[in-house]
Amino acid sequence: MSAFHIGFRRATSRQLRRSPRPRRRLLGLVVLFLLAWPVLAKAQTHPQALVSVQNDFLRVDASDSGAYTGAFVIGTTGGDPSTANDDNARLLYGFTPNGQSYPYSSFVTLRLLTNGAPSDYVLTTQTPIQAPSVVGNEIVTIWNIQGVRVEQRLSLVNNPYTGRPDTTRIEHDLVNESGQVMSAGVRVMFDVEIGGNDGAPYFVPGAGNLTNEREFTAVDMPPYWRAFESPTFDPTLLKGQGLLTGGQATTPDRFIVARWSGLYQTAWDYTVDPNQAFTSDSAVGVYWNPANLAAGDARRVVTFYGLAGEGGGETWMDGPAALDCGEFTFSVTHWIVNRSTQTWTGAQTTISLPPGMRLGPGEDATKTWHDLAPNDARSATWQIIADPVSAPTTLRVGATATFTSGPGPLSAGKDIAVPFCPTPTPTATDTPTATPTFTFTPTATWTPTPTNTPTRTPTPTATFMGPTATPTATRPGPTATPTVTPTATQPGPTATPTPTPTATRPGPTPTPTATSTRVPRRLGPQTVMWNNRTWQGVTGGNVPFITTCGSAAAIGTVVEIFGEAPLSVILKDDRGRVIGLLNWVSSTPGGNLYAGTGLSAGIYQGGVPQVFHIHKEALYADGLILTDPVAIHKELCIDPSGYIYDNSSQARVPGAVVTLYRRDPVLGDVLWNAGDYEQYNPQVTDADGRYGWNTPAGNFFIRISKPCYADTQSYVVTVPPPVTDLNVGIPPTACSPLIVSSVAAFDGEGNPAVRLLPGRALGVVWTLSNSGAAPISAQISVRLLNARGQAVPGFTQTTTLMVAPGAITYGLNGMLPVTPEGQYTFEARATVGQQTSYAAAQFMMGWQRQYLPGVRKLRTG
């Protein structure tokens with residue numbers, strides 16, 4: 001029996017509340033009294049203070065204070081683009097689309113073994129040393145329990161089954177800071193609710209459709225589990241999917257599907273009853289058993305949960321939407337569901353593979369099923385191997401099920417993108433001419449000032465600077481120790497490390513001293529260099545964002561590694577490619593200093609920008625690998641771009657406001673969401689009249705406005721191919737006497753908005769100046785854009801006003817949203833006839849001291 005620690009901050013009556021919810025139908029008071037058994041029912045708690053991350057598909061909410069600090073829920077925003085009925089819906093119980101989620105019924109347990117005796121700690125009942133906060137694109141919560149540091153990291157990432165960022169990475173990093181050997185494990189319990197179905201059935205490859213409790217161990221662990229909102233598996237309704245193996249998922253030791261009421265009353269131990277149905281209220285438990293951690297060692301466990309993509313109906317096929325370089329062995333699963341009233345007999349399915357794909361060892365093309373009773377489901381899974389390709393290719397895998405008695409053949413297929421994967425080994429000759437040099441001169445940082453001076457940064461990424469991280473706000477690596485400033489033993493400005501083709505470290509091999517062997521092994525903060533730019537204090541929460549177009553990125557890094565020296569330190573990308581080697585430079589009081597350069601080669605696929613997550617790996621003699629992010633490299637091309645000129649004089653026009661629109665076949669003309677790509681829209685032309693963006697593939701056009709010129713729209717261009725000559729002439733016209741003369745933003749106390757906290761009060765004002773002698777009718781449009789370029793409700797208005805002569809100031813007051821963090825822009829436009837005046841003010845919103853590229857103040861007219 002284990003000790004169950006639920007902490008002092010939560011009352012037992014709240015944890016095991018018996019207040020029934022309308023959707024819980026109890027059997028009646030008489031039956032309950034006769035049973036004399038406590039009934040566990042979910043009760044909606046009061047709205048909690050939340051932190052969130054979200055995108056166009058999902059939102060994750062975590063409670064940042066109170067009795068359930070660190071608890072989280074997941075739900076949809078826009079959901080699956082191909083499914084019309086899954087917007088603003090639950091994937092976990094407690095999610096609500098209006099920002100009033102109440103996380104509590106899903107929780108995470110830390111199990112510690114002391115002399116073989118287990119102690120279980122429900123994390124949400126323990127006081128964290130860092131409350132949930134958004135760091136970069138993650139919600140981070142940190143606890144320290146009996147000397148074990150636990151970091152919970154929640155982020156929205158790419159889903160290999162859909163090819164979209166519509167799944168949640170749920171990561172727990174365990175770091176032994178106790179000074180002695182500890183044994184630690186993790187259980188994650190999800191209270192699954194799919195849309196409005198709290199007892200959703202589960203589809204598990206190899207097991208079929210499950211409605212009774214069941215468990216799986218590491219030897220028979222399925223690659224994923226799936227749940228449907230529809231009890232009849234309607235493909236038009238919401239579907240959720242958890243990923244258990246493959247990719248970056250850590251294969252669990254145990255996975256169970258069970259009743260929520262059973263799992264919720266246990267912190268760890270649970271005995272599965274295969275005769276117990278869970279169709280009234282279902283949950284899953286994902287277990288990683290305790291493993292020994294030496295002092296200073298770390299362990300990371302990762303699982304995923306989000307949208308499922310395709311599926312439903314009588315038949316479908318699951319598989320990855322795209323393969324990654326280095327992972328050309330994958331699995332596909334063919335599902336069939338008997339939705340009739342008759343039993344289907346003699347069922348079997350046969351896979352068909354295109355040229356360039358073959359079955360894995362021991363696989364048979366045809367697989368036989370048992371008979372399928374009504375409402376029964378079956379699945380068949382094959383291991384497939386894809387051959388290398390000379391160019392990016394999409395191949396379709398298919399399967400057809402046949403029956404002795406039953407329906408006609410049921411066929412399904414899956415399109416799988418196979419990348420072209422060059423595998424050059426980095427050598428000294430691979431280093432481009434403009435190799436980054438190491439410099440430890442402090443770089444300038446931006447301090448926002450609400451001025452109205454028109455400026456423009458043509459290349460946004462040029463000004464991205466990582467701030468010096470603080471111990472509680474960022475992650476120096478798997479060990480998450482406080483930031484250490486590089487010491488004087490680091491190499492000077494003349495050191496230019498390059499990749500080395502061999503697997504050994506050049507220079508002297510560091511010999512651990514008596515002091516270094518007592519220092520826990522961990523990665524310190526690093527300095528990253530690229531293209532003559534330097535980011536200092538880089539950790540997991542503030543990695544630089546680097547863009548190139550058609551060329552490799554030579555990314556240099558210097559890092560201090562504490563404790564004993566690793567055997568090797570390499571740089572890798574998330575395709576599994578080794579792109580460089582870090583060489584030993586010198587010993588430090590706490591460990592050793594390493595420096596090197598990696599060459600990240602871009603792969604441009606079908607005009608879609610490719611993103612590469614670069615990280616370093618330190619390998620030790622005992623097999624331990626410490627890893628930490630270094631940079632994000634995005635392959636982009638600068639288009640559409642061009643310049644604006646006076647079509648009468650042909651002179652370039654600075655200070656014109658250029659707004660980029662995307663022509664969508666369904667939505668029509670929409671403002672391009674530049675914030676999702678670390679850019680800004682609109683832009684103000686520079687002294688040469690130039691503007692430009694980095695966009696994905698699509699159809700685009702621009703609209704240009706400037707006082708004393710008629711508003712002008714360009715023709716539509718298609719990207720790719722590159723469009724760098726979208727040069728547009730604007731006709732001069734009589735100057736309108738009406739302009740937007742100023743715009744400003746203030747906090748709740750009336751101070752100029754420089755950096756505001758999420759969810760706090762905001763006031764905005766704008767002044768219209770009419771220099772004429774008579775009132776002027778104008779269309780006035782104001783809006784607040786968040787860090788993703790999306791309009792914030794409550795701060796967006798369009799109206800027609802009669803503006804009297806003189807200056808008139810208008811204002812709005814409201815509350816900021818909780819997410820997303822980053823730079824916010826309040827803009828005002830005044831249009832008279834075909835002439836528009838524009839002004840804007842910008843400020844930062846967020847919990848952490850973050851710096852975004854291309855920060856600027858806008859005003860024209």
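I call a residue buried under 20% relative accessible area, exposed over 50% and partly exposed in between, with a 1.4 Å probe and protein chains only. The model is predicted, so I took local features only at pLDDT of at least 70 and side-chain atom pairs only at pLDDT 80 or more, while totals for chains, interfaces and linings use all residues. Residues are numbered from 1 along each chain as its sequence is written, and side-chain values use heavy atoms, with hydrogens and water left out.

Entry: Ile416. I looked up its accessibility and found a relative accessible area of 0%, so Ile416 is buried. I placed Ile416 in strand β27, residues 410–418 (strands are DSSP runs of E, at least two residues, numbered from the N terminus). I listed its contacts (heavy atoms within 4.5 Å), not counting residues up to four places away in sequence; among them are Pro320, Phe330, Met357 and Thr394. Thr394 is 22 residues from Ile416 in sequence, and the C-alpha atoms are 5.5 Å apart.

Entry: aromatic rings. I searched the whole structure and got 29 aromatic pairs (ring centres of Phe, Tyr or the six-membered ring of Trp within 6.5 Å; planes under 30 degrees apart are stacked, over 60 edge-to-face, the rest tilted). Phe203 and Phe233 form an edge-to-face pair, 4.7 Å centre to centre with 85° between the planes. Phe203 is in strand β12 and Phe233 in the loop between β15 and β16, 30 residues apart. I found both Phe203 and Phe233 buried.

Entry: charges over rings. I noted Arg652 over the face of Tyr643, 3.5 Å from the ring centre (NZ of Lys or CZ of Arg within 6 Å of the centre and within 35 degrees of the ring normal).

Methods
Helix = DSSP H or I, 4+ residues; strand = E, 2+ residues; numbered from the N terminus.
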